[in-house]
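Subject: Handover of a structure and summary of the findings

Dear colleague,

Please find below the structure that I am handing over to you.

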Amino acid sequence: MDETVKNTKPQKRLKPSSDAFKQVREAKIGLIRKLIAKARIKSPWLLHFDCGSCNGCDIETLACLTPVYDIERFGIINVGNPKHADILLVTGTVNHRNKKVLKKLYDQMPDPKVVVAIGACALSGGIFRECDNVVGGVDRVIPVDVFVPGCPGKPEAIIDGVILGLQKFVQKQKGAKDGD
Amino acid sequence: MVSTVIPFGPQHPVLPEPVHFKLKIEDEKVVDAIPAVGFVHRGLECLVAKKDFVQMTQVVERVCGICSAMHGMCYCMGIEEMMGIEIPKKAAFLRTVWTELHRIHSHLLWFGLYADAFGFESLFMQFWKIREKIMDINEATAGSRVIISVNVIGGVKRDISPEHRQWILSTLDEVEEALRDLEKVVYEDYTIRKRTVGIGVLSKEKAYELGASGPMARGSGIDIDARSLGYAAFPDLDWEPIVEYGGDCFARAKVRFREMLQSIGLVRQAFQKMPRDEEIAVKVTGRPEGEVITRVEQPRGECLYYLKGNGSKNLDRCRIRTPSFANFPPIMSMLIGCRLADVPVIILSMDPCISCTER
Ligand code: SF4
């Protein structure tokens with residue numbers, strides 16, 4: 001890729017409609033894509049959404065960010081904007097009110113993306129499965145890649161889940177490239 | 001003037017929980033705040049029809065993960081009262097120990113989020129680092145970090161061994177020392193004072209009128225604490241409700257800080273005065289019948305349970321009124337007229353627990 005960029009480096013201005021211009025542009029975009037893909041694996045950003053959990057799983061997820069568990073050593077940081085996020089952490093059951101919010105957040109994230117569901121509630125509805133306002137697990141609304149069991153899931157398990165999610169992320173990225 | 005409507009939440013980095021406010025602002029001032037709730041509503045109270053009264057203990061513990069031990073205790077106290085059970089003295093002391101530990105961890109958690117609300121990231125980390133010590137105690141004594149299912153109807157499930165007791169006391173010493181180090185930061189730091197002193201003022205009359213509870217009420221000078229009702233082992237312990245008079249965010253933070261230190265003292269006292277006998281639970285026979293109301297003091301304020309039994313294994317009704325619900329009207333009144341930048345700090349100063357409020 002580098003070679004093409006070097007070789008086709010325009011000496012004089014190319015016409016935007018010319019083939020050479022398009023070639024250079026493609027090469028440059030490819031290079032940037034490659035860079036971003038690498039950066040996203042080395043430093044994935046998390047988005048945490050509490051979807052009707054009892055707070056137990058939430059505070060364990062937050063505890064992962066603190067000095068004792070320190071998920072940042074994997075280059076992971078917590079962001080508030082779905083458009084910046086690579087991994088979506090969902091805790092808690094889905095109910096009739098927040099399923100739209102969850103779907104929207106998922107749709108706003110850039111591809112490829114990974115969803116990690118945390119806790120018994122996010123897996124199947126857990127103890128609240130029989131409640132009248134509960135739809136069920138997160139997989140009823142969006143596709144889930146990694147399930148972290150427990151009520152609440154322990155920070156160690158959550159970190160493990162995120163790392164597993166990262167592996168899936170790499171696979172998905174490869175799959176996307178092959179598909180291109 | 002043109003007014004703009006800014007949505008706050010439901011997915012917001014300051015609050016881990018989904019709550020949605022529509023803030024109507026003019027210039028920099030908030031002129032109206034409309035809350036939209038229901039994102040966490042699960043319909044938990046209807047589970048009484050499907051689970052029996054013993055299983056319900058585990059369900060009510062999951063009303064809110066942060067104060068799970070208190071919810072479990074309140075529910076068990078209600079059923080015990082209905083069935084006329086007297087729990088062993090030691091069980092009452094053990095319940096006190098666990099609930100006070102919960103209070104410490106809840107306040108530490110709150111301090112972390114609070115520091116995060118005004119961008120003091122390193123303080124957030126400090127408080128959460130201390131909090132992990134309390135979580136270790138929970139894990140070692142009850143087997144789980146957050147939801148510690150120690151309460152059962154008729155007493156508690158586990159005892160705390162003498163070795164654990166020693167270790168807990170020395171850990172609490174470390175926690176206290178760490179807190180004393182941070183005391184100066186919380187009370188005197190320029191940034192913190194700038195962002196909290198005089199912000200979100202709730203006068204004593206207003207707090208009383210709007211029915212504030214817990215640290216919200218005590219921060220405004222109302223001496224109210226459900227622990228003085230004398231449940232569990234509190235009648236045997238020496239303590240007094242902590243009251244501050246400022247009524248602003250700073251006063252509420254101060255109340256919580258002093259409460260943490262007080263809770264450490266209460267745990268120490270409870271260990272000292274705990275009877276040495278072996279019995280920690282009594283056997284329960286029969287089914288609950290009748291109506292009962294119980295109240296306990298949670299980290300966020302007073303929690304009320306109304307239980308109605310009909311002599312069968314399922315209860316008729318289990319109604320929960322949580323402190324955050326009581327604290328919503330005062331918060332709404334405080335938001336009106338404040339600056340937009342202060343909104344996260346004011347909302348956090350109430351310590352909102354949405355999963356409690358909506359259940
Ligand atoms: S799995 Fe357990 S701890 Fe997690 S949200 Fe559900 S009830 Fe709470």
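A salt bridge is a side-chain nitrogen of Lys or Arg within 4 Å of a carboxyl oxygen of Asp or Glu. The side chains of A:Glu130 and B:Lys51 form such a salt bridge, with an N to O distance of 3.4 Å. Between chain A and chain B, the count is three salt bridges.

Before the remaining findings, two notes on conventions are needed. The model is predicted, with local features needing pLDDT of at least 70 and side-chain atom pairs counting only at pLDDT 80 or more, while totals for chains, interfaces and linings use all residues. Residues are numbered from 1 along each chain as its sequence is written, chains are lettered from A and ligands numbered from 1 in the order in which they are written, and side-chain values use heavy atoms, with hydrogens and water left out.

The interface between the chains

Contact here means heavy atoms within 4.5 Å. By this criterion, 38 residues of chain A are in contact with 40 residues of chain B. The two chains bury about 3200 Å² between them, 64% of it on carbon and sulfur atoms; buried area is the accessible area (1.4 Å probe) that two parts lose on being put together, summed over both. On the side of chain A, the residues that lose the most area to chain B are A:Ile59, A:Arg97 and A:Ile127, which together account for 18% of what that side buries.

Eight residue pairs are in polar contact between chain A and chain B, both residues being at pLDDT 80 or more. A polar contact is a pair of N or O atoms within 3.5 Å; within protein, one must be able to donate a hydrogen and the other to accept it, and residues adjacent in sequence count only if both atoms are side-chain atoms. Strand 1 (45-50), helix 3 and helix 4 (99-108) of chain A each give two or more residues to the side that touches chain B. Helix 3 of chain A gives the most, with six residues. Helices (H or I, at least four residues) and strands (E, at least two) are DSSP runs, numbered from the N terminus.

The ligand site

Which residues are closest to the ligand? They are A:Cys54, A:Cys57, A:Ala120, A:Cys121 and A:Cys151, among the 13 residues that surround the ligand; a residue is near a molecule or strand if one of its heavy atoms lies within 4 Å of it. Because the surrounding residues come from chains A and B, the site is shared between chains. Helix 3 (56-63) and helix 5 (119-124) of chain A are the elements that give two or more residues to this shell, and helix 5 of chain A supplies the largest share, three residues.

Two backbone features of chain A

A:Cys151 and A:Pro152 are joined by a cis peptide bond, with omega at about -5 degrees. A:Pro152 lies in the loop between strand 7 (146-148) and helix 6 (155-179) of chain A. A:Asn55, in the loop between strand 1 and helix 3 of chain A, has a positive phi, near 85 degrees, in a residue other than glycine.

Paired strands in chain B

Two strands pair if DSSP finds at least two bridges between them. Strand 6 (residues 289-298) and strand 7 (residues 301-310) of chain B pair in the antiparallel sense over ten bridges, and a hairpin joins them through two residues. Within this pair, B:Lys308 in strand 7 is the bridge partner of B:Glu291. Strand 7 of chain B also runs antiparallel to strand 8 (residues 315-321) of chain B, with six bridges joining them. Here B:Leu307 has B:Cys318 as its bridge partner.

Yours sincerely
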